[in-house]
Amino acid sequence: MPHATVLVLRDQLTRQVGPLADATPERTRVVMIEPRALLHGAPHHAQKLVATLSAMRHFAAELRGDGFDVAYLRHDADEAEDLGTALAAHVRAFDPPEITAMRPTDHGVAGPVERAVQQAGSTMRWLPNASWITDDALYDAWAEGRKTLRMEGFYREVRRATGILMEEGQPVGGRWNYDAENRQRPPPDATPPPFPSFEEDELTREVRREVEAAMPDRWGDADPFRWPVTRADALRALDAFVTERLARFGDYQDAMVEGEPTLWHSGLSVPLNLGLLHPREVVDAALAHADEHPSEVPLNALEGFVRQIAGWREFVRHAYRTRGEELRRANALEADGPLPPAYWGAPTELRCLGATIEQLGRHGYTHHIQRLMVLGNVAQLAGTDPAQVLDWFTASHVDALDWVMVPNVMGMSQYADGGGMTSKPYVSGAAYLNRMSDHCGSCRFDPKAKSGPEACPLTSWYWSFIDRHQERFASNPRMRMIVAAWRKRDPDDRARIVGRAALDREAFRDGQL
Ligand code: FAD
């Protein structure tokens, strides 16, 4: 008879840390629930649903294989309406004195679960969430009394506290950050290693068919599905990344190449966000590989990658924990336009956007710079309501979870918190996209034309954005030169640019551009 009941949430599929780390089959019953709302609530990319359901079912099957008693509720069971209803039914059936789980990262999960379990006559016991490199105390002590909370400062604190990439109290190589070296475009003959693809097994195929049948009109292709959904495949994906792509991760981190979705990026956000990989083991694998092959992995690549995991990922999670609800509602720039239909796949003449959305539909994946400088940038320049941008990002990406979307979309990409997360908005005109991508070469617009029908609308949208927000940005140290340059331009010129931008933005919102 089991002595402990452990709830495993859909993003906590781990036996490395948490309540299953030292659990034995004789003493533990595991509860797993596929909430029906996942399929029938707010929209998700089909591959996000397949990845989540398939990973959960594989995890349950592995536990059963090791002798655990797993009470697994599928989304089509009557009680699977939501987590609370399902857990209450479990309590009534098995009468556990308490149910243990790691505290959920996403907001709005713990409260309803706790209430339902209590009403059914049991207790919920939350353990600290061990899926992170840093704990709350480290962040809270660092943040205490600081006026501005920037990732870079917290990242240095994480490195000091953990010893990651540190040597006698100093950063390895003498500098904390090598980002300036990470903005190259790959030469035309450079071929990124193939993205490690994981063949669907029978279980995943079944889940995919289920998802396709349950939601025939869902946006995004379910097939081909290639993400790792087991611990073994996640470890293979990690190994393939450190051996094949880590060395060039830094150099080409900001580049965008059509037909090459991942380039030298890791693609590890999916197994990380499911819990199949722990961020510390990902960092350690990169450090170990670089240690064994010092001439192969340059420091700009290693540090650049470590910063994503131990810096950005941890920072974003604490930003969500401490002010996620404020971020969710923020709209400092008072943008209120609707999300243009191009975001749902309607044809657009903006090649950069069209190609990125096409990639997203097929794979559920875009890399960081595509998210920031194409998808987010275009939405912001078009004056889109950030809440609609957030909903769309969440619906369209395979790795979407509330804790990571809210700060990244609202804070980082849409500047909706007025600079709480970033010191300037991430906006650019055609020049940046032309420098960092190959989209402009096959676009009907000319990134270098200053005016006329061939001129890229993004450049006039950029200046129109500066014009709309010039009061706010005139005193921003990183924006004031741009504002000053805009103000120095001929007034007729400015009026013409703003007028053209207004017309084009309207056409874009109407699906005519
Ligand atoms: P790599 O480039 O290989 O980076 C390695 C890892 O670092 C990622 O897997 C991820 O775990 C972590 N990482 C890097 N940057 C961030 C960041 N800003 N926040 C959190 N983790 C980071 N990431 C998600 O996991 N889920 C999301 O829903 C998500 N939405 C985003 C939306 C916007 C608008 C932006 C700008 C970023 C978003 N990110 C999100 C962060 C980042 O873009 C993705 O983690 C990354 O592109 C995933 O691809 P990868 O695994 O190949 O990453």
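In which loop is the place of Gly429? Gly429 sits in the loop between H15 and helix H16 (430–436). This is a predicted model. The briefing below treats the ligand and its surroundings, then the cysteines, and lastly several residues in loops.

**Ligand contacts**

- Ser266 places a polar side-chain atom 2.6 Å from an oxygen atom of the ligand.
- Asn273 also contributes through its side chain, where an N or O atom is 2.8 Å from an oxygen atom of the ligand.
- In Ser269, by contrast, the backbone is involved: one of its N or O atoms lies 3.0 Å from a ligand oxygen atom.

**Composition of the shell around the ligand**

- Cys352 takes part in no disulfide, and its nearest cysteine sulfur, that of Cys456, is 6.4 Å away.
- With a relative accessible area of 8%, Cys352 is buried.
- For Cys440, the closest cysteine sulfur is in Cys443; the two sulfurs are 6.4 Å apart, too far for a bond, since a disulfide requires a pair of cysteine sulfur atoms within 2.5 Å.
- Cys440 is likewise buried, its relative accessible area being 16%.

**Gly429**

- Gly429, in the loop that links H15 to H16, has a relative accessible area of 12% and is therefore buried, the limit for that class being under 20%.
- Gly429 and Arg209 are 220 residues apart along the chain, and their C-alpha atoms are separated by 42 Å.

**Backbone geometry in loops**

- The peptide bond from Asp223 to Pro224 is cis, with omega near 5 degrees.
- Pro224 belongs to the loop between helix H7 (202–214) and helix H8 (231–249).
- Leu165 is not a glycine, yet its phi is positive, at about 55 degrees.
- The loop that holds Leu165 runs between helix H6 (151–162) and strand S6 (166–167).
- Leu165 counts as buried because its relative accessibility is 8%.
- Glu334 is another residue other than glycine with a positive phi, here near 50 degrees.
- Glu334 is found in the loop between H11 and helix H12 (351–363).
- At 67% relative accessibility, Glu334 counts as exposed, as the class begins over 50%.

Key
Residues are numbered from 1 along each chain as its sequence is written. This is a predicted model: local features need pLDDT of at least 70, side-chain atom pairs count only at pLDDT 80 or more; totals for chains, interfaces and linings use all residues. Side-chain values use heavy atoms; hydrogens and water are left out. A polar contact is a pair of N or O atoms within 3.5 Å; within protein, one must be able to donate a hydrogen and the other to accept it, and residues adjacent in sequence count only if both atoms are side-chain atoms. Buried means under 20% relative accessible area, exposed over 50%, partly exposed in between (1.4 Å probe, protein chains only). Helices (H or I, at least four residues) and strands (E, at least two) are DSSP runs, numbered from the N terminus.
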